[in-house]
Amino acid sequence: MKINLNQNKNLKLFKIISEAAERNNQSVYIVGGYVRDLLMKRKASTDIDFVTEQSGIELAQNVAQDIDPKLKVSVFKTYGTAMIKYKDLELEFVGARKESYTENSRKPEVEGGSLEDDQKRRDFTINAMAISLNKDNFGDLIDPFNGVEDLEKEILRTPLEPAQTYSDDPLRMMRAVRFASTLHFTIEEGSLQAIKQEAERIKIVSMERIMVEFNKIMVSSKPSVGLKLMEQTGLLKLVIPELIELKGVEEVEGQTHKDNFYHTLEVVDNISENTDNLWLRWAALLHDIGKAPTKKFVEGTGWTFHGHEFLGSKMVKTLFQRLKLPLGSDMKYVQKMVKAFLPPYRFDYG
């Protein structure tokens with residue numbers, strides 16, 4: 001399959017990279033999210049990743065010289081990568097590699113490899129496609145795992161066996177949920193089952209990295225898609241167990257209360273139709289967080305949650321500390337909104 005790059009706004013840049021690689025007997029391919037978004041006709045990403053089967057650092061240095069000798073190249077020798085910031089773009093160059101993992105770390109042992117090796121280590125088939133910038137097959141799409149077909153079917157599938165993929169790098173489980181939420185794709189059944197099986201492995205991932213993915217779920221058009229998937233797979237219980245405590249309905253003397261977990265998801269979706277403000281969405285997510293510890297059945301009255309908004313606002317700081325979220329004005333804003341849950345500041349619009 002040939003990708004027509006002639007109308008691409010970055011064609012001139014791609015030609016420069018192609019010529020630099022040709023001159024130095026290197027291969028070069030565009031890989032990852034840029035290829036995916038190009039095929040989906042989504043807004044082009046400003047981050048573009050390039051793979052060569054030789055030295056990514058050397059290729060980046062040669063490309064920078066060809067663009068502008070004064071252009072800075074940021075080199076990361078440990079990972080064999082280099083980055084160039086050019087206009088509004090971030091260009092990352094890496095040597096193709098194989099990876100192997102140990103049980104207690106998501107940091108792999110790395111060795112040089114082929115383009116095929118590099119594609120195998122990608123998280124999903126839709127991110128494992130490459131476009132050649134080599135002179136003899138410029139624009140050719142290299143798609144060994146049928147990523148185009150999965151794009152058409154709107155399916156998230158791993159290139160290799162899913163349980164191994166998620167066990168090797170558990171952050172990929174959060175990425176699967178995030179892509180399902182932001183792209184409105186379905187996680188393939190075998191992959192979904194593997195996430196449930198490997199969910200506990202998320203504990204070896206830093207909370208900072210988990211929250212990067214979680215916040216991308218929170219700013220998606222319908223956050224409940226990702227939040228429900230996290231609940232179904234067991235990830236939410238491991239990341240924010242306080243939300244799981246809201247789940248379920250109890251009955252005493254024929255009186256029940258609403259399921260505050262699913263109510264919370266509805267509130268988050270409702271407010272997301274009206275604002276892109278991440279922290280207001282977080283306030284909606286946590287607005288009932290104090291209900292589980294304050295729930296009480298009172299004879300003659302029914303279920304009560306007295307003071308849940310005050311307790312909830314206090315719980316926000318503890319949560320933010322554990323989740324490695326900012327503790328300054330953003331956290332205080334969420335606290336204020338959780339405390340002010342009752343009218344006139346209700347979040348659930350009707």
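Two strands pair if DSSP finds at least two bridges between them, and the strands themselves, like the helices, are DSSP runs numbered from the N terminus, with at least two residues (E) for a strand and at least four (H or I) for a helix. This is a predicted model, in which local features need pLDDT of at least 70 and side-chain atom pairs count only at pLDDT 80 or more, while totals for chains, interfaces and linings use all residues. Residues are numbered from 1 along each chain as its sequence is written, and side-chain values use heavy atoms, with hydrogens and water left out.

With these terms in hand, one can find an open sheet of 7 strands, whose order is 3-4-5-2-1-8-9 and whose pairing is mixed. Its edges are strand 3 (73–76) and strand 9 (141–142), each of which pairs on one side only. Strand 4 (residues 81–86) runs antiparallel to strand 5 and is joined to it by 6 bridges, and here Met83 stands opposite Glu92 of strand 5. Helix 3 (residues 56–67) packs on the sheet, where it touches strand 2, strand 3, strand 4 and strand 5, and its direction makes about 20° with that of strand 4; contact means heavy atoms within 4.5 Å, and angles run from 0 to 180 degrees between the N-to-C directions of axes, which are lines fitted to C-alpha atoms, for helices over the stretch in contact.

The next topic is the interior. A nonpolar core is a set of buried Ala, Val, Leu, Ile, Met, Phe, Trp, Tyr and Cys residues joined through side-chain atoms within 4.5 Å, where buried means under 20% relative accessible area, exposed over 50% and partly exposed in between (1.4 Å probe, protein chains only). The largest such core has 95 residues, of which Phe50, Phe214, Trp282 and Leu286 touch the most other members. A second, separate core of 7 residues includes Tyr29, Val31, Val94 and Ala130.

The structure also holds 8 aromatic pairs, that is, rings of Phe, Tyr and Trp (its six-membered ring) with centres within 6.5 Å, counted as stacked if the planes are under 30 degrees apart, edge-to-face if over 60 and tilted otherwise. Phe50 and Phe93 form a stacked pair, at 4.9 Å centre to centre and 15° between the planes, which links strand 2 (residues 47–52) with strand 5 (residues 89–95) across 43 residues.
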